[in-house]
Amino acid sequence: MDNIFAKIIEGTIPSNKVFENERILAFHDIQPLAPVHILIIPKKHIPTMNDVTDEDGPLIAEMFAVARQIAKEQGIAESGYRLVNNVNADGGQVVYHLHLHLLGGAKLPPLLGDIQS
């Protein structure tokens, strides 16, 4: 596990944390795409959604519960927000450590633009 998220988890790279427990860490994205852009990551290294196992089910559910809690705390739960998980290169994944993007704080554009094949 040698990527930027691993370094954030171990504390060698600082982050602007909004949530942390034994299993999950959430922090502000350093290149935000919306007024609220928070990354929610498991502390367990899971490279992509394709690598999630049945045993990881409770962890994934907890990530979504944390997202819901953070959306409320950030004041975007009622107006709306988006959760995004990119998987592999064609899906737009850049860091190969499972993560959710929590985006909100403004009216977001349609999710899909022109898809190029």
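This is a predicted model: local features need pLDDT of at least 70, side-chain atom pairs count only at pLDDT 80 or more; totals for chains, interfaces and linings use all residues.
Residues are numbered from 1 along each chain as its sequence is written, and side-chain values use heavy atoms, leaving out hydrogens and water.

Asp29, Leu33, His37, Asn86 and His101 lie nearest the centre of that pocket, out of 30 lining residues (a pocket is an open set of points on a 1 Å grid over the protein atoms alone, where a 1.4 Å probe fits, with protein on both sides within 12 Å along at least five of seven lines; lining residues have an atom within 4 Å of a point).

As for aromatics, a search of the whole structure turns up 1 pair. The ring centres of Phe5 and Phe27 sit 5.8 Å apart with planes at 75°, so the pair is edge-to-face (centres within 6.5 Å make a pair; planes under 30 degrees apart are stacked, over 60 edge-to-face, the rest tilted). Phe5 belongs to helix α1 (residues 4–10) and Phe27 to strand β2 (residues 24–28), 22 residues apart; helices (H or I, at least four residues) and strands (E, at least two) are DSSP runs, numbered from the N terminus. Both Phe5 and Phe27 are buried, meaning under 20% relative accessible area with a 1.4 Å probe, protein chains only.

Key
Rings of Phe, Tyr and Trp (its six-membered ring) pair if their centres lie within 6.5 Å; planes under 30 degrees apart count as stacked, over 60 as edge-to-face and the rest as tilted. Buried means under 20% relative accessible area, exposed over 50%, partly exposed in between (1.4 Å probe, protein chains only).
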